[in-house]
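Here is a short tour of a two-chain model, written to be read with the coordinates open beside it.

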Amino acid sequence: MPASSLDSDFEQALRAHLAAAHHLARWLTRTQADAEDALQEAVLRAFRSFDRLRPASPRAWLLHIVRNCCYDLRKRRERDGEATFEEEALPPDAASPVLGTPAENPETRLLRMADARALESALRDLVPEYREVFLLREIEGLAYKEIAEVAGVPIGTVMSRLSRARAQLRALIVAGEKESA
Amino acid sequence: MTCAEANRLIGPWVDDELDVRSVAELEAHVGRCAACGREKNELLALRETARERLPRFDPPPGLEDRLLRGVREAAAPRRRFARRLLREVALMAAAASIAVAATSYVQRSADPGGEIVDAHLRSLQAGHLTDVVSSDQHTVKPWFQGKVDFGVPVRDFAAQGFPLVGGRLDMVGGRPVAALVYGRRQHLINLFVGPATDRDRPLRSVSSRGYRVSSWAQGGLEYRLVTDIAASEADELVALLRAV
C-alpha cells in the first residue's frame, strides 16, 4: 500500500504556489521562523481539505489558508504579550536610488527614489489587511477577484483597501524621504 | 467626468480592471487634467518601485520538503491507530459471527434494514472487514477505481472522532457496492455506497436487531450506514457524510 505518498495533485499545487505562499507569509509575520510555522500549519490544513474541495483556483485557495494561519499566529503572539511591531530587520540596502525623469513632479520622483528600506518600513507600517492587498496586487499580480478570495472579502472591499493602502504608502514614503533629505 | 469620479477609477485603470468604455472616458479626462495625470503617474511609480526594490523573500532551500514531511508525519499516527483498532475488533468479530448464526434463523421479510445488517455482521467475521486497510482517504479512494463503476467519495473523520479504518468490496442485494469502515471507540461502522436507483432520497433511519440503519441517496449515490453505536452518535456521522 502506498502509505506515505501524498496526493500528487496536492504536491503539484503546493510546488506551483510555494514561492507566493512563502512570500505572503513572510510579509504577514515577523520572522522567518514564524512564517515557516504558519506555512506548516497552512499546508496541513490545505492537505486535509484539498481532496474534498478540489479548488477551482488552487493559488487563491492556498494563499487564503496561508493568510488565515498568519493572522492566527499574529493573534497568538499578541495574546502572549509579544510586540508585533518589531519586525525582523533587513540587511542594509546597497542599491542606489534611480533618478526620476526631469519632467516628473517632486512626489513622483520621491516615489521612484524610495529605497528598499524606506519602502519596506512603510509597507510594514500598514495594517496587515492593507499590506496584503497591496502585495497580492503589485507583487503577485493577482486580479481583484482572486484577491477577494484570498482575503475573504467582497471585491468592493478589495478596491477600497487597495486605494487606502496606496494612499498611505505614498504619504509614508514621501514623508520619510523629505525627513531624510 | 469629474476629477472625483476619475480619481476613484484611476486605481482600477492601472490594475487593468476597468471596462473599455470607462478607460476611454478616463483617458480623455487625464489628457485634459494635469492633477489626475499626476495621480496616475504616482500609482505607476509606486508599483514600479515596489516591484524593483521591495525585498523578495524566496523560500529557503528544502522548505518544500520540510513542509511535506510535516504533512506525512501528521498523517502517520492515524494509520497506526487504524491498525490497532483493527486488532481490537478481532475479538468482537468472533462474537459477531455467533450473532450471525443466531440471527440467521430470524424471520425478517418485513425488515427493511435486514439485508444491510446482514452485510454488516458478515463484515465483522474475521478477515472480511477490509480489503484495503488505511486511514488515508488518498489510499482508500483510488483503491476502488476499476473495482466499481462509480466514484466512491472517501473522507476521513478522525478529527471528529470517526477515524477511517479502511474499505472493501461487498455485495448487497446481489449488487456490488463499496463498503467504507469507520471506527468509533471500540465500535465499527459500515457505510455501504452504491449507485442510486432513482433521484435523491431524504434520510431515513430504522432499527433492526439492535443495529441502526440510516439510508439516503445523494448525488447519484445511495448510502446505507449501519452500526451499533448510540443513535445520536450515528446521526453525527451521517450529518458529516451528508454535508458536501
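## The sheet of chain B

Strand 5 of chain B and strand 6 (residues 211-218) of chain B run antiparallel and are joined by 6 bridges. Within this pair, Ser205(B) faces Ser214(B) of strand 6 of chain B. Strands here are DSSP runs of E with at least two residues, helices are DSSP runs of H or I with at least four residues, and both are numbered from the N terminus; two strands pair if DSSP finds at least two bridges between them. This is a predicted model, in which local features need pLDDT of at least 70 and side-chain atom pairs count only at pLDDT 80 or more, while totals for chains, interfaces and linings use all residues. Residues are numbered from 1 along each chain as its sequence is written, and chains are lettered from A and ligands numbered from 1 in the order in which they are written.

The whole sheet is open, with 7 strands in the order 1-2-3-4-7-6-5 and antiparallel pairing. Its edges are strand 1 (132-133) and strand 5 (201-208) of chain B, each pairing on one side only. Helix 6 (residues 137-144) of chain B packs on the sheet and touches strand 1, strand 2 (164-172) and strand 3 (175-184) of chain B, its direction making about 20° with that of strand 2 of chain B. Helix 7 (residues 231-242) of chain B lies across strand 3, strand 4 (187-195), strand 5, strand 6 and strand 7 (221-227) of chain B, at about 15° to strand 6 of chain B. For such angles, axes are lines fitted to C-alpha atoms, for helices over the stretch in contact, and the range is 0 to 180 degrees between N-to-C directions.

Strand 7 of chain B is largely enclosed by the rest of the structure, because 6 of its 7 residues are buried. A residue is buried if 20 or more other C-beta atoms lie within 10 Å of its own, exposed if 12 or fewer, and partly exposed in between, with C-beta atoms placed from the backbone.

Strand 7 of chain B pairs antiparallel with strand 4 of chain B over 7 bridges, and 7 bridges also join it to strand 6 of chain B, again antiparallel. Thr227(B) is the bridge partner of Ile189(B) and also stands opposite Arg212(B). In the hairpin of strands 6 and 7 of chain B, with 2 residues between the strands, Gly219(B) takes a positive phi near 55°.

## Helix 6 of chain A

Helix 6 of chain A is mostly covered, with 9 of its 12 residues buried; among them are Tyr130(A), Val133(A) and Leu136(A). At 1.5 Å a residue its 12 residues should span 16 Å, and the end C-alpha atoms are 15 Å apart, which agrees; the expected span is 1.5 Å times one less than the number of residues. Just after this helix, Gly141(A) has a positive phi of about 70°.

## Where the chains meet

The contact takes 45 residues from chain A and 36 residues from chain B, where two residues are in contact if their C-beta atoms, placed from the backbone, lie within 7 Å. On the chain A side, the helices supplying at least two residues each include helix 1 (8-28), helix 6 (128-139) and helix 8 (155-180).
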